[in-house]
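Here is a short briefing on one structure. Look at the fold, the chain contact and the backbone before reading on.

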Amino acid sequence: MNVLAQADPILDPNIEPEIWWFALSPLLVLVGGALTLMLIGALTPKWPKGLYALASAMVAGAAGTLAIFNWDDISDNGPTTLVAGALAFDTFAMWSTVTICAAVILVSMLTDEFIRNTPNDGPEVYSLYLVAATGGIVMASANDLIVLFLGLETLSLALYVLAASNRRSDASAESGLKYFILGGFASSLFLYGIALVYGATGSTNIGEMVNAVAVRLDGDNDALALAGIALLIVGLGFKVAAAPFHIWVPDVYQGAPSPVTAFMASAGKVAAFGAIIRVLVSGLPAYRDDWQPIIWVLALLSLVVGSFLAVVQTNVKRMLAYSSVSHAGFLLVGVEAAAHFAGEAYPGMGISSVQLYLLFYSVLVIGSFGVVAVVVGDDDASLDRFKGLAKRKPLVAIAFTIFLLAQAGVPFTTGFIAKFGVIQAAVEVDSYAIAIIAMVTAVVAAFLYLRIMVSMWLHDEDEKAPAVRVPFAAGLAIGAAALFSVVFGIFPSWFIDWSDAITLVR
Amino acid sequence: MAQTGSCDVIAAVEPTWYLIVSSLLFGIGAFGLLVRRNPLVMFMCIELMLNAANLTFVALATSLGDINGQTAVFFVMVVAAAEVVVGLGILVSILRRRPGATADDLAELKG
């Protein structure tokens with residue numbers, strides 16, 4: 001945004017910001033990949049089966065690899081900002097990039113056979129995944145509120161289309177419209193919040209906002225700033241699916257095609273939590289006494305609403321949707337812990353624990369919805385469809401059991417490491433109350449996961465149930481996710497060490 | 001900012017007034033979204049809210065003497081246009097299936 005502000009009109013009216021192309025390469029690869037896939041897909045006859053998914057996974061893999069190179073660069077030379085302060089170039093951004101790219105790879109594998117032999121089979125869905133991933137990465141690495149808004153809209157618009165992408169299903173169209181109306185409402189609240197914060201601080205750039213608030217002592221624009229912060233929190237609360245802004249979540253997760261739901265729950269959450277940390281912890285540390293209690297309340301409500309309402313559902317996708325609300329609660333516990341150190345040199349454990357949680361949760365939730373996609377396909381995901389799954393498809397049932405146990409936070413799974421990290425961060429800052437509430441609601445939520453497991457392992461097979469066929473790519477994705485969740489649950493030290501290196505640009 | 005006569009008249013209007021107008025517009029949009037049942041009208045309310053935010057940006061940019069708020073408006077206009085494309089596409093696909101559907105009719109997903 002300060003492209004114009006930094007230009008010196010006397011010396012050279014056309015001075016351009018210096019652009020470091022390699023640092024932007026993950027984004028460029030994703031956008032380029034999406035456009036190329038779309039263009040070539042439109043110009044050539046239908047590709048042989050699986051090639052669209054392969055292309056999308058390879059583009060995402062390339063972007064993720066470039067992000068890892070950039071991570072090394074940041075570790076050596078320290079974080080900085082790109083494109084005249086519009087984007088942050090730090091390990092936080094790169095971790096989000098890698099997580100979102102991994103989500104695209106896994107979701108592409110799930111989508112492949114899911115849309116084969118339907119009118120949707122083509123490059124469009126995969127292009128939308130790549131575009132949405134770009135938007136998500138921009139959100140998580142934005143250093144300017146308007147850039148963050150653009151990333152949010154890029155992600156959201158692609159997700160609205162993806163949610164409504166199953167044209168044979170009324171439920172999919174309905175979920176797309178509901179998501180669009182409520183998402184648009186949240187986006188406009190968020191934008192109005194940006195406008196008010198801009199009025200109070202005189203800039204939309206996060207670094208300039210911090211400086212402007214630091215030099216201003218009288219606090220005469222506090223009313224404007226506080227109203228803006230409230231609107232920003234409401235808008236972001238919608239996007240992270242925190243209670244009480246979670247109303248859209250069960251309907252949209254249920255109606256959208258299962259691979260798309262997996263993508264929303266993983267990449268969407270990574271992006272939205274990236275944004276919440278950028279805006280609040282990084283951008284508005286001066287007001288942390290004002291917004292921190294709100295985050296506390298949102299965390300509490302999400303934990304309670306998510307776990308208790310999940311238990312009474314009968315549709316597996318709705319159960320997982322409510323469980324994602326309770327996971328949002330856990331993540332907000334981490335954000336609340338990070339808030340204690342907002343604006344200080346020592347970042348605390350909150351931010352790394354949130355990012356570690358997001359990575360592990362993304363893999364788990366993609367695996368879970370992958371199993372749902374394989375077992376019920378386009379049909380209604382009622383719990384009855386999972387009865388006796390262990391007898392029909394033991395490996396799928398084992399994988400689903402791993403995902404559910406890990407989401408419940410059972411030791412020797414990544415879910416435990418994730419939850420432990422967040423609780424540890426909360427205890428570090430003496431937020432004992434919310435840590436205890438989180439653990440108690442985790443026990444309630446465990447009942448939900450046990451219910452699905454009992455259905456799979458102890459109930460008899462339904463004679464009329466359609467046969468379950470596991471496609472190769474989807475099986476590979478589910479197997480890899482299950483293996484990841486167990487292996488790195490037992491040996492988590494690599495990921496913990498890497499996540500400790502996560503810092504925000506200042 | 002005020003160089004010509006007509007701009008003097010505009011500058012004579014306090015920036016606060018614009019903020020009040022834009023907050024009223026935003027409120028009307030939010031209220032309309034919550035009470036109206038026609039998806040198309042709800043969608044128009046979202047556009048109204050986005051444009052209220054735009055007016056806020058311009059008013060604040062003028063009172064701060066800062067160009068960045070005005071450039072932000074252009075980005076938002078592009079986003080609103082993209083939103084129209086996506087939103088109308090989804091609406092058409094629903095209304096083709098169920099002509100005349102209101103938000104209350106779209107209640108297949110619940111639990």
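Ala84(A) sits in the loop between strand 1 (80-82) and strand 2 (87-89) of chain A. The model is predicted. Ala84(A) is not a glycine, yet its phi is positive, at about 55°.

**Backbone features in chain A**

- Most residues other than glycine have a negative phi, and most peptide bonds are trans.
- Is Ala84(A) buried or exposed? Ala84(A) counts 20 other C-beta atoms within 10 Å, so it is buried. The cut-off for buried is 20 or more.
- Asp430(A) also has a positive phi, of about 65°, and is not a glycine.
- The loop that holds Asp430(A) runs between helix 17 (414-428) and helix 18 (432-457) of chain A.
- Why is Asp430(A) classed as exposed? Asp430(A) has 10 other C-beta atoms within 10 Å, and a residue is exposed if that count is 12 or fewer.
- Ala243(A) and Pro244(A) are joined by a cis peptide bond, with omega about 0°.
- Pro244(A) belongs to the loop between helix 9 (222-240) and helix 10 (248-255) of chain A.

**Fold of chain B**

- Chain B has four helices and zero strands.
- Along the sequence, the pattern of chain B reads α-α-α-α.
- Chain B has 111 residues, and 30% of them are buried.
- Take the contacts in chain B between residues at least 6 apart in sequence: 46% of these join residues at least 24 apart.

**Contact between chains A and B**

- How many residues does each chain bring to the contact? Chain B brings 35 residues and chain A brings 41 residues.
- On the chain B side, helix 2 (15-35), helix 3 (39-64) and helix 4 (68-97) each provide at least two of the residues that touch chain A.
- Which helix of chain B gives the most to this side? Helix 4 does, with 16 residues.
- By residue class, the side of chain B that touches chain A has 24 nonpolar, seven polar and four charged residues.

**Points to revisit**

- For positive phi, go to Ala84(A) and Asp430(A). Ala84(A) is buried, whereas Asp430(A) is exposed.
- For the cis peptide bond, go to Ala243(A) and Pro244(A).
- For the chain contact, begin with helix 4 of chain B, which gives the most to the side that touches chain A.

Methods:
Residues are numbered from 1 along each chain as its sequence is written. Chains are lettered from A and ligands numbered from 1 in the order in which they are written. This is a predicted model: local features need pLDDT of at least 70, side-chain atom pairs count only at pLDDT 80 or more; totals for chains, interfaces and linings use all residues. Two residues are in contact if their C-beta atoms, placed from the backbone, lie within 7 Å. Ala, Val, Leu, Ile, Met, Phe, Trp, Tyr, Cys and Pro count as nonpolar, Asp, Glu, Lys and Arg as charged, and the others, Gly among them, as polar.
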